[in-house]
Amino acid sequence: MAVDTAQYKPRLEQELATLTEELKTLGIHNPEVPSDWQATPTDVSTEADPNIEADRTEDWDERRAIVAQLETRYNNLRRALAKIEAGTFGICEISGEEIEADRLDANPAARTCKAHLNDEADLPMT
Ligand SMILES: [Zn+2]
């Protein structure tokens, strides 16, 4: 039975648009690699105060961690939309089984069925 993608596509597109705006405030999009976002530094001041330097490094690490997290979500959304186009939406990437409807309702960008939930993080990015 084919998954009805009509209810999921607008949700995915909406979330992708919101997420793209959020990523733009934190980083820059690599034009050559659509899956890649680079965090931009928060402070471009050139002062060499060691305390400020330490704070800046901390901010920078935090910012990169946030961008990395959002980037993963961004790529999951893009992948889900590509899967709608390809006709493979709602299929577990590990077992090839249909993903449960309640799992898709909770997360339309889910890549696996419930049985393979814990393996999702190990799947390749693209
Ligand atoms: Zn599975």
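**Reading the overall shape**

Guide: Start with the radius of gyration. A compact globule of 126 residues would come out near 14 Å, but this protein has 18 Å. Keep in mind that the model is predicted.

Visitor: What box do the C-alpha atoms fill along the principal axes?

Guide: Roughly 65 × 25 × 25 Å.

Visitor: How far can I trust the prediction?

Guide: Look at pLDDT, the predictor's confidence in each residue. The protein averages 90, and 92% of the residues score at least 70. Then go element by element. Helix α1 (residues 9-26) has the highest mean, 96. Helix α2 (residues 50-86) has the lowest, 89.

Visitor: How many helices and strands does the protein have?

Guide: There are 3 helices and 2 strands. Now read them in order from the N terminus: α-β-β-α-α.

Visitor: What do contacts tell me?

Guide: Check how far apart in sequence the partners are.

Visitor: What share of the residues is buried?

Guide: Buried residues make up 33% of the 126.

Visitor: Now the metal. Which residues are the protein donors of the zinc ion?

Guide: Name the residue, then the atom. Here they are Cys92 (SG), Ser95 (OG), Cys113 (SG) and His116 (ND1). These donors lie 2.0 to 2.3 Å from the zinc ion.

Visitor: What geometry does the site of the zinc ion have?

Guide: Go by the angles. Among the 4 donor atoms they run from 91 to 120°, and the site is tetrahedral. Check the spacing in sequence too: C-x2-S-x17-C-x2-H.

Visitor: Are Cys113 and His116 buried or exposed?

Guide: Both are buried.

Visitor: Let me try a single residue. Where does Glu120 lie?

Guide: Glu120 is in the segment after α3 (101-106).

Visitor: Why does Glu120 count as buried?

Guide: Because its relative accessibility is 18%, and buried means under 20%.

Visitor: Which residues is Glu120 in contact with, leaving aside neighbours within four places in sequence?

Guide: Arg103, Ala109, Ala110, Arg111 and Thr112.

Visitor: And how is Glu120 placed relative to Arg63?

Guide: Compare sequence and space. Glu120 and Arg63 are 57 residues apart in sequence. In space, their C-alpha atoms are 24 Å apart.

Methods:
Residues numbered from 1 in each chain as written. Predicted model: local features only at pLDDT ≥ 70, side-chain atom pairs only at ≥ 80, totals over all residues. Heavy atoms only, no water. Donors = N, O, S within 2.8 Å, 3.2 Å for Na, K, Ca; no water. Tetrahedral: all angles 85-135°; square planar, octahedral: opposite > 155°, others 65-115°. Buried < 20%, exposed > 50% of the residue type's maximum accessible area, 1.4 Å probe, protein only. Helix = DSSP H or I, 4+ residues; strand = E, 2+ residues; numbered from the N terminus. Rg over C-alpha atoms; globule rule 2.2 N^0.38 Å. pLDDT = per-residue confidence, 0-100. Contact = heavy atoms within 4.5 Å.
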